[in-house]
Amino acid sequence: MPRRLAATFVATALTAGPALLLGAVPAHATGSHGPARGTADAVVLRTGLNVGLLHKTLDVPLNAVLNEVHAPASASKTALTVTLDGLDHGKPFSVLRADAATARGTADRHKAEGYANLVRAKVHLPGLPPQLSLIEAQQVTAKAVCEAGQRPRAESNVLGPVRVLGKKVTLTAGGTTDVKVPGVGEVRLDLSRKSVTSKSAAATALELKVSLNPLRLNVAEVHGRVTLVRAGCTAPGGTGPGDNGSGGTSGGQTGGQSGGGTKPAGGGTEVHQAGTRPGSSQNLAETGGSSATPYLAGGAALLVAAGAGSIGYARRRRGAAAQGGRG
């Protein structure tokens, strides 16, 4: 019986000890598996303008955004109204009106897509007569698609006639058009600018560089840029629009800014619709011991020691019994 008891005790100690030691070092994964999600963004209109007041020595910023989204999100407002300090006694001013104005962004671990669309749009600026628009366009679209394992692509289209400061203009894909109106100012118009790299793509349908001197409604001059319809994306697992991959760039740099809306430095009103931007998933494996590790290791050592003591005790009993038999 002592021999069997000792053997059982030793077997238990040798079995439980390693199991407890292994159990003290757990391994588990945090985060979801698979590649990081792609990103997508789109905007219908963004202005970055300075409005110089006729009787003051300061510029009032006109930083306005309509339907800017980041995947997953969508927006479909068709009118943008702002109020500028010192302009027409503080009355609201309509910057854009359209029959349809839509921005949409979708993204997952397989594909990211940004899309923006504008139909029958008119953009107005402070100081211009009500009947004179900065630009009128029948339909303008921009789309950027980034799929995992494929080259990103971007495209933009301007359909139908376009008028700038009341003049009908002929646009050239990827080119620049200058429009000058005596007594009003000049506009440089860039059509269908896009940027494509190995991991990202972006397209801007229309970008206008504005320099006006309307001398109306207490406005002496208007300078800055207007971006009309832009879409961008980053491929799943990509590093963002700043990636300088092997894809190259076509049509110059993309107009506007990617990311959050512009912030007015003072005066003016910002209209900003933004969706959530999902953070890229991280797949990290974490290994290590818990706070109970020293106790578990100590318990296992005690079990092994107890087993060894039992074996010694059994051997001494067996030796004593053998001497008694010989006596």
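Colleague: What makes the disulfide of C146 and C233 right-handed?

Modeller: Keep in mind that this is a predicted model. The torsion about the S-S bond of C146 and C233 is about 70°, so the disulfide is called right-handed. C146 lies in strand β9 and C233 in strand β15, so the pair ties together parts 87 residues apart in sequence.

Colleague: How do you know that C146 and C233 form a disulfide?

Modeller: The S to S distance is 2.1 Å. The cut-off is within 2.5 Å, so the pair qualifies. A search of the whole structure finds 1 disulfide. Both C146 and C233 are buried.

Colleague: Why is T102 called partly exposed?

Modeller: T102 has 23% relative accessibility. Buried means under 20% and exposed means over 50%, so T102 falls in between. T102 sits in strand β7, residues 93-107.

Colleague: Which residues does T102 touch, leaving out those up to four places away in sequence?

Modeller: V44, N67, A75, S76, Y115, A116 and N117. Take A75: 27 residues from T102 in sequence, but 5.7 Å from T102 in space, C-alpha to C-alpha.

Colleague: How many bridges join β6 to β7?

Modeller: There are 4 bridges, and the strands run antiparallel. At least two bridges are needed, so β6 and β7 count as paired. V82 stands opposite F93 in β7.

Colleague: What makes the side chains along β6 alternate?

Modeller: L80 and V82 point to one face and are buried.

Methods. Residues are numbered from 1 along each chain as its sequence is written. This is a predicted model: local features need pLDDT of at least 70, side-chain atom pairs count only at pLDDT 80 or more; totals for chains, interfaces and linings use all residues. Side-chain values use heavy atoms; hydrogens and water are left out. Buried means under 20% relative accessible area, exposed over 50%, partly exposed in between (1.4 Å probe, protein chains only). Contact means heavy atoms within 4.5 Å.
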